[in-house]
Amino acid sequence: TTLKQKTGVWCILEVVVAVVLWSLICIYLPSAVDCRYIEREVYDNNALLNLHPYNCANLRDENEWLVYNPTASLLLVSPEHAINNLFRRRVSDLFGYSTLFSVLTLYFAFAAYLAGSIISCGFVIPMITIGALYGHIVGK
């Protein structure tokens with residue numbers, strides 16, 4: 001078979017490799033990023049904010065501070081929640097440049113690859129996410 005004819009085992013292998021690779025990235029990349037704190041009042045005033053704690057331990061007063069992992073808050077939540085986190089106003093310091101660049105690079109690479117693969121995926125949500133990441137970097 002040629003590379004243009006993806007059939008049988010190659011189709012299954014492509015799906016398995018993509019799922020395993022993306023899962024490993026989503027599990028291990030947040031562990032390379034330091035945890036951050038946000039004031040509980042700011043978090044409560046932005047009711048739609050979905051911040052993921054991942055492996056973070058809250059070493060401050062839990063009544064005043066909430067701990068979260070910025071990379072996990074983009075990769076381990078639903079794409080809609082990640083977009084919502086990026087579009088949130090008055091909390092632009094939630095994500096650092098390293099987090100934004102790494103997630104943008106990985107998300108763009110996987111969206112571009114999966115768009116031409118056997119895996120059925122849409123274009124709208126990945127493009128909005130990529131645009132939100134890019135816009136957050138430029139607007140920061």
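## Basis of the model

The model is predicted: local features need pLDDT of at least 70, side-chain atom pairs count only at pLDDT 80 or more, and totals for chains, interfaces and linings use all residues. Residues are numbered from 1 along each chain as its sequence is written, and side-chain values use heavy atoms, with hydrogens and water left out.

## Overall architecture

The protein has six helices and two strands. Helices (H or I, at least four residues) and strands (E, at least two) are DSSP runs, numbered from the N terminus. Read from the N terminus, the order of the elements is α-β-α-β-α-α-α-α.

The C-alpha trace spans about 60 × 30 × 25 Å along its principal axes. The accessible surface, computed by the Shrake-Rupley method with a 1.4 Å probe, is about 8,800 Å², and 63% of that belongs to carbon and sulfur atoms. Of the 140 residues, 33% are buried. Buried means under 20% relative accessible area, exposed means over 50%, and partly exposed is in between (1.4 Å probe, protein chains only). A contact means heavy atoms within 4.5 Å. Among contacts with a separation of 6 or more, 69% join residues 24 or more positions apart.

## Helix α1

Helix α1 covers residues 9-28. Its 20 residues should span 28 Å at 1.5 Å a residue, and the end C-alpha atoms are 28 Å apart, which agrees. The expected span is 1.5 Å times one less than the number of residues.

The buried residues of α1 are Cys11, Glu14, Ala18, Ile25 and Cys26. They cover an arc of only 95° around the axis, so they are on the same side of α1. The arc is taken from the directions from the helix axis to the C-beta atoms. The buried residues of α1 pack against α3 and α5, while the face turned away from them carries the exposed residues Val9, Ile12 and Tyr28. Val19, also in α1, is partly exposed, with a relative accessible area of 47%. From Val19 to Ser31 there are twelve residues in sequence and 19 Å in space, C-alpha to C-alpha.

## Helices α4 and α6

In α4 (79-87), the buried residues are Ala82, Ile83, Asn85 and Leu86. Their arc around the axis is only 160°, which puts them on the same side of α4. These buried residues pack against α3, α5 and α6.

Helix α6 runs over residues 124-139. It has 16 residues and reaches 22 Å from its first C-alpha to its last, close to the 22 Å expected at 1.5 Å a residue. Pro126, Thr129, Ile130, Ala132, Leu133, His136 and Ile137 are its buried residues. They lie on the same side of α6, because they cover an arc of only 160° around the axis. They pack against α3 (72-75), α4 (79-87) and α5 (97-115). Val124, Tyr134, Val138 and Gly139 are exposed on the face turned away from the buried side.

Val67 is in strand β2 and is buried, with a relative accessible area of 9%. Val67 and Arg36 are 31 residues apart in sequence, but their C-alpha atoms are 5.7 Å apart in space. Leaving aside residues up to four places away in sequence, Val67 touches Cys35, Arg36, Tyr37, Pro53, Cys56, Ala57 and Asn58.

Tyr54 is in the loop between α2 (40-45) and β2 (65-68). Tyr54 is not a glycine, yet it has a positive phi of about 50°. With 22% relative accessibility, Tyr54 counts as partly exposed.

## Aromatic contacts

A search of the whole structure finds four aromatic pairs. Rings of Phe, Tyr and Trp (its six-membered ring) pair if their centres lie within 6.5 Å; planes under 30 degrees apart count as stacked, over 60 as edge-to-face and the rest as tilted. Trp22, Tyr107 and Phe110 form one aromatic cluster.

Arg60 is placed over two rings, those of Tyr37 and Trp65. Its charged end is 4.1 Å from the centre of the Tyr37 ring, and the distance to the ring centre of Trp65 is 4.6 Å. A charge sits over a ring if NZ of Lys or CZ of Arg is within 6 Å of the ring centre and within 35 degrees of the ring normal.
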